[in-house]
Amino acid sequence: MFNLYSGLDRGAEDIVDGVNLRLPSGCAAKTGKSWGNLDYDVNLMLSDKAFDQNGQLAMDIFQFDGFLGDVMTVNLAYKPFMNVERRKYRFRILNASVSRFFKLALANTSGMAQPIYQIANDGNLLPRALKLTELDEQGIAERFDIVIDFSKYAIGTKLHFANLCEHQDGKGPAKDLTLAQALSGASADPCVGRFMEFRICANAAYPDKSVVPGYSETYPSGVTPPASPMLIPNPDHSLIPVAAERTFEFNRGANQTTVGPNSAEGPWGISTNGGQTLAADYARLSAAPKAGTREIWTLKNGAGGWDHPIHIHFEEGQVIARDGLASNVPLWERGRKDVYRLKAAGSVTLSMQFRDFAGTYMEHCHNTVHEDNAMLLRWDINGDGTAELQPLPTPIPTPQGCTFINPTDILQD
């Protein structure tokens, strides 16, 4: 996991300059670091693992729907605990599973849900923090940043993260349980229920200077909340003309029209703008948006009961509709994103603006089994709307070095 910082979100909660949001992290006055303090800013990598009878990691490479483990881990540890102080902590949570989705809640020992403040989704802060009692389903490779305020609990208190998302197979979530159901032990899914313990063990080592904008109960005594609860506004696309609209449909039953080291084989593929469903070919160009322009991309699930968390590289987008309606977009999806949960038979519509860098990028399902079995496409960006360098040669890495070939296929843009 790789943390990014900015003037708004710099990882130094005691710097008060009217720009820094002062999210939980640590104090520059204590560490001498004006950014990137990690005392109270913690990365959590969630993943389910499977082990064989010898204790070695196991994987069924022929399970094309999706692969589930039966051991829930955090930062590769089984049922860990963390000692915390009575103050606010930020947790950057990554779903690093192969095919499993999660849905998190925070429970006390009585099984009652405790408040969570969600402040970010994927690569950026949300426009406003959200006070929740459970998070949304988190697809593979999605990142959720949350704040938990442990100052509300006495020393000796224990809290637990619990997973509410139940799977029967790797195709996608079977259902989301209530917290009581998840804690009851009745689920046949071994990764449902409590999986990480927080032990409130001491008062804050030094004064908590952090805040959660918009929630006055999180402010230290004597600190006046700012006039605006805004974290970071979304870029305004409303005045940018739409240069093109594209549709990508994710299906099983892919065709492969090319051969060679750049061509992948597998049951999964993507249809572009109503064309045939194609398995991945890293030398096939499926789209070439022009630098600086805005496009509307619609991602569709071709049914079959699978969920697809779709990762679009390079550029973040804004979800403007789910299943054709803006009202279906929840508040926690209204920031900038790069992984989009494509539910069974559903669709997601995005506004994308292509900025900064030309080059070759990709779009794929992040159910890793689907990605590894050809559910991936390539798209390029260049200032004149053509493939980069007319077009960019495709790298073919080998143990002996990297060679390059020209694109084998360019779909009509």
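Author: Helices and strands are here DSSP runs numbered from the N terminus, a helix being H or I over at least four residues and a strand being E over at least two. In this predicted model, the protein counts three helices and 27 strands on that basis. The sheet to examine is an open one built of four strands, which follow one another in the order 4-13-10-6 with mixed pairing. Because strand 4 (81-86) and strand 6 (104-108) each have a single partner strand, they stand at the edges, and one side of each is left without a neighbour in the sheet. Direction ignored, neighbouring strands of this sheet are turned against each other by 30° on average.

Within the sheet, strand 10, covering residues 158-163, pairs with strand 13, covering residues 193-203, in the antiparallel sense, and six bridges connect them. In general, the strands of a sheet pair through backbone hydrogen bonds, in either a parallel or an antiparallel manner.

Turning to the whole protein, the radius of gyration is 23 Å, which agrees with the value near 22 Å that a compact globule of 413 residues would have. Along the principal axes, the C-alpha atoms fill a box of roughly 65 × 55 × 50 Å. Finally, among contacts between residues at least 6 apart in sequence, 70% join residues at least 24 apart.

Methods
Residues numbered from 1 in each chain as written. Predicted model: local features only at pLDDT ≥ 70, side-chain atom pairs only at ≥ 80, totals over all residues. Heavy atoms only, no water. Pairing = 2+ DSSP bridges. Axes fitted to C-alpha atoms, helices over the stretch in contact; angles between N-to-C directions. Rg over C-alpha atoms; globule rule 2.2 N^0.38 Å. Contact = heavy atoms within 4.5 Å.
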